[in-house]
Amino acid sequence: MPRRPSAIAPDWWDYTTLDRGITEEAARLTPGDLRRLTRPGFRVVFYDTLQEFYLAEALEYIEAWRQSTDDSPVGICGPIGPTEHLPLVALIVNALELDVRAGHFWGMDEWFDVESGREVDVTHPLSFERADRELCFNRIRRALRMPDDHLHFPKADTAQYRQSWDAGARCAVMQGGQGDVKHWAFNDPLPRRGRHKDEPPAPVEYRQLATRVVDLHPLTIAQNARTSGGGNISLVPTKAISVGPVETWKAEKVSIWHAGRHDNPFGQRLTALMISKRMVDSSVPMSLLADHPNVQFNYFRGGIGSCDVEMH
């Protein structure tokens, strides 16, 4: 039978095109059920407080950089969303006087300016590079901080960024949040056009996507206006530059952080279910992580919520 049209944007693929049996099963999951979705290669971890949650996220940076040496450099790939852990990273480095000059960092994504045909300038109020620098790297004491050429931010010309993944530095962990459209970075579902009009791309095809300029699903644009732009959708670019599955599979671990402030209770359940049970479908890009050998979902217990129907 043909797939259902999207309930959000009929010209796109997304999770609303899934079989209702999958979405209904996800909505029934309790926090205890979520914990039991752990399997080899996929781990579910709960944190009782936001302080523990963001500290644990910050410590992944520290753990990666402590492994790094000049002869065997190690780094981490990190998101903007969440950002609350970034000042903690700088605070820990400075307080413990950790020399992280051999460490590396890859930014996950950046906005693309259609008019200029380039990544947004670092002065743009929504610039991800600006956020990383202001919230973390500029706060690390210069004597401890890695040089600027160890910071790899994606650009519209993706060649240099892509090459940095194969230039000798090992990515110990790729962190991420999860968007309403069930993406990591800006790996959104694809539009329903051309050969993908009637079926979303096969997982093996989607996995071949590397860092690239992407068109953003309408739900992603609306979400970023809500979370970062005060609701002003006109402020949010409609395209972005995103790390791809190709680079994601070069990371030894993928660590996703669910604070309950980005995706909703249903979304936090759906992707865990699909990854745990290996229900891989590119209309839910996060589900592709079912095939990665080391994935961890980190939940703030107070942000899991429920999928009970309530009228407000």
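**Exercise 1. Where is Arg-133 found, and is Arg-133 buried or exposed?**

Step 1. Arg-133 is found in helix 5, residues 128-135. Helices are DSSP runs of H or I with at least four residues, numbered from the N terminus.

Step 2. Buried means under 20% relative accessible area, exposed over 50%, partly exposed in between (1.4 Å probe, protein chains only). Arg-133 has 17% relative accessibility, so Arg-133 counts as buried.

Step 3. Contact means heavy atoms within 4.5 Å. Leaving aside neighbours within four places in sequence, Arg-133 touches Asn-138, Arg-139, Asp-148, Leu-151 and Phe-153.

The model is predicted: local features need pLDDT of at least 70, side-chain atom pairs count only at pLDDT 80 or more, and totals for chains, interfaces and linings use all residues. Residues are numbered from 1 along each chain as its sequence is written, and side-chain values use heavy atoms, with hydrogens and water left out.

**Exercise 2. What span should helix 3 have?**

Step 1. Helix 3 covers residues 50-66, which is 17 residues.

Step 2. The expected span is 1.5 Å times one less than the number of residues. That gives 24 Å.

Step 3. The end C-alpha atoms are 24 Å apart, which agrees.

Step 4. Buried residues of helix 3 include Leu-50, Phe-53, Tyr-54 and Trp-65.

**Exercise 3. What radius of gyration would a compact globule of 312 residues have?**

Step 1. The rule is 2.2 Å times the number of residues to the power 0.38, with the radius taken over C-alpha atoms.

Step 2. For 312 residues the rule gives near 20 Å. The chain has 19 Å, which agrees.

Step 3. Of the 312 residues, 56% count as buried.

Definitions and conventions. Helix = DSSP H or I, 4+ residues; strand = E, 2+ residues; numbered from the N terminus.
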